[in-house]
Structures are given as structure tokens and as C-alpha cells.
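Let us walk through this model, one contact at a time. Keep the sequence and the structure side by side as you read.

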Amino acid sequence: MSKPIRHRTKWRIRWTDEHGSRHSEVFEEHRDALFQLRAREREVEEIVRGLKLGLPADKTFNDLCDYWVQNRVPQKRSGSHDESIIRAHLRPAFGREHIQNLGVAQVDEFKAQRMHLDPKTVSNHLTLLISLLNCAVDLNWLAKVPRIQTS
């Protein structure tokens, strides 16, 4: 267990993440630095023990779509269909949203905005969305896929 060290007029903490990379942060108060150091060490320990997933906080739905188009679309017979659905429907609806923030409410809003389309078309869009989110789980970008009803 490390301790905060004096850094000029502030307090520095140093810790090693679950990948072995060293990190450092500076705080005004010793008690804040100590609290944050313990929190970082506890989080790393939970990830190492498998109690918690080390999910990247900066992954957006656009990142997931880019991954899908680059790595999954070339393997599929219907790859051009996937690209079209992603470009016309999924990116405009969810693009800048962080993957962890996607939930049933956003999907319900997506479905409500597409009431003018054939139900089978909307179902195809939702099936691709679920496949994308399952891919995010496989990549450890998302802990769990929200329960999405396709019909």
C-alpha cells in the first residue's frame, strides 16, 4: 500500500492499473489524495480478481460502429445492408452516446421515431443494434446488453 507524497504545496498519489501502467494524480488536500488512492487501488484489485470489468469509459457508439464496419462487415454476406442501416439509422440515433449510457429508454425513443417504417424493418434495425451491443460485451466495452424487444 502506497501513501500520498508531498508535491510542492499539494499531494501526489501514484498507482499501477490492472494492465501494469503507472498513473499519477495531484490533489490539494491530503485526505482527498488518500481517499482517491484507496479507491483506485480497490478498483484495480476488483478488476484483477474478476469481480469487476475494466470497462473503458471513453467508448462511444460511433467507436463500436467503426469497429463493426472494419472487422465484422467484411465477413458477412449482408455487409452492405449492415453499413446502410448503421449509416442511415443507428449512427444518427446513438452515435455520440457513450456505450454504457445506452439503455431501454433510448431504444424506446428510437422505435417511437420509426413508427412510420414497416415493423419488420424496425425489427431488422434492432437486431443489428443488439448484435453491435453483444460485440461491445465481447470486447469488454460494455458489461451487459440492455433488454431490447425487437417486436
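Start where two helices touch. Asp 82, Ile 85, Ile 86, His 89, Leu 90 and Phe 94 in H3 meet His 125, Leu 128, Leu 129 and Leu 132 in H5. By class, this contact has seven nonpolar, two polar and one charged residues. The model is a predicted one.

Now look at how the two helices are set against each other. Two packed helices are described by the angle between their axes and the distance between the axes. H3 covers residues 79-94 and H5 covers residues 119-138. They pack at an angle of about 80°, and their axes are 10 Å apart. H3 is therefore roughly perpendicular to H5.

The side chain of Arg 91 meets that of Asp 66, at 2.6 Å from N to O. This pair links distant parts of the chain. Arg 91 sits in helix H3, while Asp 66 sits in helix H2 (residues 61-72), 25 residues apart. Arg 91 is partly exposed, with a relative accessible area of 25%. Asp 66 is partly exposed as well, at 40% relative accessibility.

How many salt bridges does a search of the whole structure find? It finds five. One of them joins Glu 28 and Lys 10, at 3.2 Å from N to O. Here too the pair links distant parts of the chain. Glu 28 lies in the loop between strand E3 (22-27) and helix H1 (30-49). Lys 10 lies in strand E2 (residues 10-16), and the two are 18 residues apart. Glu 28 is exposed, with a relative accessible area of 53%. Lys 10 is partly exposed, at 32%.

Glu 41 pairs with Arg 38, and their closest N and O atoms are 3.3 Å apart. Both residues lie in helix H1, three residues apart, about one turn of the helix. Arg 38 is partly exposed, with a relative accessible area of 26%.

Finish with the cysteines. How many disulfides does the structure hold? The count is zero. Cys 65 is in no disulfide, and the nearest cysteine sulfur is that of Cys 135, 10 Å away. Cys 65 is buried, with a relative accessible area of 0%. Cys 135 is buried too, at 1%.

Terms used: Residues numbered from 1 in each chain as written. Predicted model: local features only at pLDDT ≥ 70, side-chain atom pairs only at ≥ 80, totals over all residues. Heavy atoms only, no water. Axes fitted to C-alpha atoms, helices over the stretch in contact; angles between N-to-C directions. Helix = DSSP H or I, 4+ residues; strand = E, 2+ residues; numbered from the N terminus. Parallel < 35°, antiparallel > 145°, perpendicular 65-115°, else oblique. Contact = heavy atoms within 4.5 Å. Nonpolar A, V, L, I, M, F, W, Y, C, P; charged D, E, K, R; others polar. Disulfide = S-S within 2.5 Å. Buried < 20%, exposed > 50% of the residue type's maximum accessible area, 1.4 Å probe, protein only. Salt bridge = Lys/Arg side-chain N within 4 Å of Asp/Glu carboxyl O.
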